[in-house]
Structures are given as structure tokens and as C-alpha cells.
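Please keep the sequence and the model in view while reading.

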Amino acid sequence: MKTKYIYKLLIGLCVILSASCKKESANIFNMFDDVTVTFNNSDPRCVTDYKVINEKEEVWIDFTINSAKEDMYSYVFEVSAGTAQATRYTIAITNPSQRRSFSTIIKLPNSAFPAAAIRDGKQSYRICALNEKGVFIGDGYKKVTVDVNPSFMIYANRDIYLPDTVAKSLPSFFSVADATGYNYTSAVANAGKIDFGIYRKPGSNSTVQTPTWVVNLYSPSVATNPLTVYDISGFSPKRTTKFSQPVTGQANAFLTTAISGSSIEILAKARAITFNETTQTTPANGLAAGNAVFFLTPEGKYGMIYINAVTSDLQKRPFINVSIKLQR
């Protein structure tokens with residue numbers, strides 16, 4: 001009986017000691033309540049929570065940020081899209097009278113915030129306050145999201161074969177509108193869709209001992225057919241898509257700059273898009289991996305053809321693999 005009493009006494013002491021040692025930890029969901037952010041609706045262009053727009057529309061982020069207990073010396077404008085790491089811009093609050101309440105309007109597009117460029121899909125924006133030491137003191141637990149309607153089409157990994165001049169059965173002609181390849185026979189039957197064909201010729205540095213090949217493209221409306229074994233005189237109607245000469249080193253431009261219809265147009269207009277064919281004479285400057293050709297369709301749509309690879313299939317038939325972005 002005595003043993004049972006001592007056991008109960010020990011349990012009671014443990015409970016008391018446990019209670020006395022209990023420590024309250026900070027709660028991330030309320031530890032920054034001193035800062036509030038309000039997204040104002042001062043103009044139809046403002047986004048206050050979630051907004052769907054077209055690619056060329058302007059967006060305003062009109063906000064007021066308040067700090068109840070601590071002075072704000074700067075704020076962070078944070079931009080995030082998808083799973084990519086967020087981009088942050090830090091802007092100083094220089095007026096001492098605005099240390100506890102600061103308001104401004106960020107108008108997009110804005111060259112000061114390149115990562116915040118209007119682009120297809122969803123992109124979110126957040127405002128954070130920093131104290132004198134540059135330490136985060138709150139964001140009001142808020143953000144706004146802009147959802148941009150699709151402004152361009154993307155077609156990935158399309159194979160375009162070099163011509164087989166005997167059977168003429170390989171798809172060496174291409175339509176940028178539907179990203180479809182056509183062999184010679186089907187190209188004749190679908191002439192109104194064909195934007196270009198491809199062919200290769202010996203490079204200027206080619207020798208018998210070390211042959212090299214340059215891949216180029218040509219439009220059905222070219223003045224002189226560079227591949228006479230394919231008679232394109234009967235193509236009707238002939239599309240008049242215009243092309244630039246190949247531009248080297250375009251991987252980054254294709255992946256991270258050509259992110260909307262207007263950005264594709266800006267990239268394209270920086271080139272001379274006046275050619276019915278590309279006329280390169282060395283392999284590296286032709287339709288080679290990493291290069292791109294910009295184009296303008298008869299309908300007035302700008303686009304970009306990026307060369308992923310120049311290779312051969314298991315039957316040793318050479319082809320180029322391309323990805324295409326085209327304005328809607």
C-alpha cells in the first residue's frame with residue numbers, strides 16, 4: 001500500500017515539473033501581425049486579389065503597407081511564377097514620415113522590374129516590409145495574382161527530315177501554323193500550308209577527306225529553287241512567310257525571354273526578317289543546334305524556330321529537331 005502511494009506521488013511530481021518546464025514557441029502565423037498590407041482598387045487596372053488579363057494590358061499594384069510597432073526603412077517587391085525561385089526587388093522608403101505607413105503604385109510592365117514582365121500564365125506579387133537593419137518584419141500574409149491569357153503557341157520537338165530525293169517520302173516540308181511536317185507529295189496537295197522546306201549542301205570548308213554539311217531552309221516562294229530535284233513550281237497558293245538568317249546562341253532567348261506574344265515580336269523585330277531562304281555556308285551558322293530563325297507569316301504573326309538538334313534516326317536518316325513559338 002505504501003509503495004502504491006509513493007508511485008502516485010512520483011507521477012504527480014512529474015506532471016508538476018513537466019508543466020513548469022513547458023515553453024511557448026513562436027507561431028509563424030501570428031508573429032508578424034504588426035504589419036498589414038492593403039491592395040487598393042483605385043483604378044480598373046488594379047489587381048486586389050486575382051485578375052485575368054490579356055497579354056498587352058497594363059496592370060497596377062496599388063498598395064498601402066502599415067507597421068504598428070516598428071519603423072519601415074524599405075520594402076520588398078517579390079515576383080514569383082510557377083516553381084521558379086522568386087525574384088525580389090528592395091526599394092528604400094526615404095521619407096521619414098512614411099516609416100509607419102507607406103503607399104505607392106507599381107505599374108506593370110515596368111523596366112525597373114524585368115522579372116515582373118507581363119507573361120502568359122499566373123504570376124504572383126507580394127509586398128514585404130524591412131526594418132532599419134534590413135530584417136523582415138511582415139507582409140500582411142497577402143499576395144496578388146495576375147493570370148494572363150495565352151498569347152502564343154508553343155510546339156516542342158518537331159522532327160523535319162532532310163529530303164530523300166528518290167522516294168520523296170520523308171517530311172522535309174513544314175507548316176509553322178500547325179507544326180506539321182509534309183513529304184513532297186503531301187506538300188503539293190497542301191501547298192497553302194507550307195512555310196518552308198529544308199535541304200543541305202556542302203559547307204564552304206568541306207573537303208573530300210572531311211565532308212561538312214550546312215542545313216538551310218527555303219520558302220516555296222523563293223525566286224530560285226535551291227533544291228531543283230523537288231519541283232515546287234506547281235505549289236499553289238505559295239505562302240510568303242519571311243525569315244531571318246539563323247542567329248547563334250539562342251537557347252536562353254527561347255526559354256526565358258520569348259515568354260509572351262509581344263516578347264516574341266520584340267525579339268523578331270530586332271532581326272532583318274526579309275528573306276525567302278537562309279543562305280549560310282558553314283555548318284555552325286546554318287540550322288545548327290542552339291541557333292534560331294525568326295519569321296513573319298503572311299497573316300502578320302511573328303515567331304521563332306529554335307534548333308534543338310541536328311542528328312539522324314536509327315536508320316541513319318538525317319533530320320533536325322525544332323521547337324517553335326508563334327504569336328496567336
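Buried means under 20% relative accessible area, exposed means over 50%, and partly exposed lies in between (1.4 Å probe, protein chains only). This is a predicted model, in which local features need pLDDT of at least 70 and side-chain atom pairs count only at pLDDT 80 or more, while totals for chains, interfaces and linings use all residues. Residues are numbered from 1 along each chain as its sequence is written, and side-chain values use heavy atoms, with hydrogens and water left out.

Q: How many salt bridges does a search of the whole structure find?
A: A salt bridge is a side-chain nitrogen of Lys or Arg within 4 Å of a carboxyl oxygen of Asp or Glu. With this criterion, a search of the whole structure gives a total of ten.

Q: Is Arg239, which has 12% relative accessibility, buried or exposed?
A: The side chain of Arg239 meets that of Glu299 in a salt bridge, at 3.0 Å from N to O. Glu299 is exposed, with a relative accessible area of 52%. Arg239, at 12% relative accessibility, counts as buried.

Q: Which residue forms a salt bridge with Arg45 at 3.4 Å between the closest N and O atoms?
A: Arg45 is partly exposed, with a relative accessible area of 33%. The side chains of Asp43 and Arg45 meet in a salt bridge at 2.8 Å, N to O. The salt bridge to Arg45 at 3.4 Å is formed by Glu58.

Q: How many residues apart in sequence are the parts that Glu58 and Arg45 tie together?
A: Strands (E, at least two residues) are DSSP runs, numbered from the N terminus. Glu58 lies in the loop between β2 (50-53) and β3 (59-67), and Arg45 in the loop between β1 (35-40) and β2. The pair therefore ties together parts whose separation in sequence is 13 residues.

Q: What area do domain 1 and domain 2 bury between them?
A: The domain assignment, automatic or from a database, gives domain 1 (35-148) and domain 2 (152-327). Buried area is the accessible area (1.4 Å probe) that two parts lose on being put together, summed over both. Of the area between domain 1 and domain 2, 47% is on carbon and sulfur atoms, and the value is about 450 Å².

Q: How many residues of domain 2 are in contact with domain 1?
A: Contact means heavy atoms within 4.5 Å. The count of salt bridges between domain 1 and domain 2 is zero. Five residues of domain 1 are in contact with domain 2, where the number is seven.

How values were computed
Helices (H or I, at least four residues) and strands (E, at least two) are DSSP runs, numbered from the N terminus.
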